[in-house]
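Hi everyone, thanks for coming.

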Amino acid sequence: MSPKQTELKSDEKQKSKEEWGNGLEFLFSCISLSVGLGNIWRFPYIAFQNGGGTFVIPYLIALLVIGRPVYYLEILLGQFRGGGALRAFDLAPLLKGVAAGQVLATGASITYYSSIMALTLRFLLASFSAELPWSSCRPSWGSDCHDVSAANASGKMSPAQLYFEREILHELPNLDDGVGVPNWQLVACLAVAWLIIGAVLIRGIKSSGKAAYFLGVFPYVVLLVLLLRAVTLPGAWSGIVYFFKPQWKELLNPLVWYAAVTQVFFSLAICFGTVITYASYNNFHRNVYNDIVIITTMDSCSSIIAGCITFGILGNLAKQTGITDIGSVVKGGTGLAFISYPEAIAKFEYVPQALAAPSAWAPASYASSATNLANVPAPAGPSLALSLHSALA
């Protein structure tokens, strides 16, 4: 077959293949995918666990050296092959097991993301109350809670932390009596999360592509509002300085670099097959270099903004509780964002529900795809589901 015939055949295939409505749909869809839970929820607590500024330097290096080139490679591979992950790896049959692994990893990630979406939906429902339930202490929390007006709050926890641990997660002090029964409210929210994923995917890129305009922009509005509020709180700057000030000796710790590389993969959603799937809906001749620069830059900027918000809140909590070490203000881990963002919204003096309800605070803005049901922007779970749906295409 001559090169001309091959090109004609490729053009005919492209005409019959479903494509994005325009280049902006692809760009905003990738922004919605890459700028998501990895930035708003995972980045702050990973940075918190790895010394704040000590983590930021390896993260930015890994983003430029590993993240951007791999992202470029996956988009080119998907656009060239015009199919899901399994079809893309037809180029190297020996590596088809890698594609199958990506599909399995995507399926596992969907269940993980859906659980986070359930938590954010639970917060969304709670935010419709007349007073935000995490804005003040409850009698049932006893002396463990500190109020803003408390003269000595040393050793106590904020209302936002106690609300998340005791009212949302229903954490038990020990497992002597077992793990208990599932909480019906979280089970219902999880079911709604899966229904939302199905609704977003029901028409493939025809529905998700149009929603991407809103999903890729509105989260930044929420983030900027929270950032402005966070940096104006008393003590916030001490937390932000902790976030940017590295502990140089920790840069020699390989675990910090490992965490940074892992965060880049998680944040950009690379090596899950999702980026390959998104790019497969592109026009074969599309120049994606500028898109990749924009997406990866937005991704890193979102992480830094989210870090400033989280550590600004931690600085404020440190001032309230009288703790000088920012790293010991709250318990680290996956729940950090579920403490810091509600804490920031509770600090708004006028109608905090106006921000909490439509956005379900920042993590929900990205985690949940309840685009029309709850005005919560960013299809992290559905994006992965779309990849899984298209993997065998």
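Let me start with a definition: when I say contact, I mean heavy atoms within 4.5 Å. This is a predicted model, so to speak of a local feature I need pLDDT of at least 70, side-chain atom pairs count only at pLDDT 80 or more, and totals for chains, interfaces and linings use all residues. Residues are numbered from 1 along each chain as its sequence is written, and side-chain values use heavy atoms, with hydrogens and water left out.

First, the overall picture. The chain has 17 helices and zero strands; helices (H or I, at least four residues) and strands (E, at least two) are DSSP runs, numbered from the N terminus. Of the 393 residues in the chain, 54% are buried. Buried means under 20% relative accessible area, exposed means over 50%, and partly exposed is in between, with a 1.4 Å probe and protein chains only. If you take the contacts between residues at least 6 apart in sequence, 80% join residues at least 24 apart.

Now to the helix pairs. Two packed helices are described by the angle between their axes and the distance between the axes. The axes are lines fitted to C-alpha atoms, for helices over the stretch in contact, and the angles run from 0 to 180 degrees between N-to-C directions.

Which residues of α6 meet α7? They are L119, R122, F123 and A126, and their partners in α7 are Y163, F164, E167 and I168. For the classes, Ala, Val, Leu, Ile, Met, Phe, Trp, Tyr, Cys and Pro count as nonpolar, Asp, Glu, Lys and Arg as charged, and the others, Gly among them, as polar. As for geometry, α6 (residues 96–126) and α7 (residues 159–168) pack at about 110 degrees, with their axes 12 Å apart. That makes α6 roughly perpendicular to α7. The cut-offs here are under 35 degrees for roughly parallel, over 145 for roughly antiparallel, 65 to 115 for roughly perpendicular, and oblique for the rest.

Next, please find α13, residues 289–321, and α4, residues 53–81. Their axes come within 10 Å and cross at roughly 150 degrees, so α4 and α13 are roughly antiparallel to each other. The crossing is right-handed. A crossing is left-handed if the near helix is turned anticlockwise from the far one by less than a right angle, and right-handed if clockwise. On the α4 side, the contact includes V56, Y59 and L60, and on the α13 side it includes Y289, I292 and V293. The contact of α4 with α13 divides into 12 nonpolar, four polar and two charged residues.

Helix α13 also packs with α3, residues 37–49. Here the axes come within 8 Å and cross at roughly 60 degrees, which makes α3 oblique to α13. This crossing is right-handed. Among the α3 residues that take part are I40 and P44, and T310 is one of their α13 counterparts. The contact of α3 with α13 has nine nonpolar, five polar and one charged residue.

Let's stay with T310 for a moment. Is T310 buried or exposed? T310 counts as buried, at 0% relative accessibility. Leaving aside neighbours within four places in sequence, T310 is in contact with P44, L336, S340 and Y341. T310 and I40 are 270 residues apart in sequence, yet 9.2 Å apart in space, C-alpha to C-alpha.

Another threonine to look at is T277, in α12, residues 274–280. T277 is buried, with a relative accessible area of 0%. A polar atom of the T277 side chain lies 2.9 Å from the backbone oxygen of G273.

Finally, some backbone angles for those of you who like torsions. Most residues other than glycine have a negative phi. A269, in the loop between α11 (254–268) and α12, has a positive phi of about 60 degrees, and A269 counts as buried at 5% relative accessibility. H170, in the loop between α7 and α8 (184–201), has a positive phi near 55 degrees. H170 is partly exposed, with a relative accessible area of 36%.

That's my tour, so over to you for questions.

Notes
A polar contact is a pair of N or O atoms within 3.5 Å; within protein, one must be able to donate a hydrogen and the other to accept it, and residues adjacent in sequence count only if both atoms are side-chain atoms.
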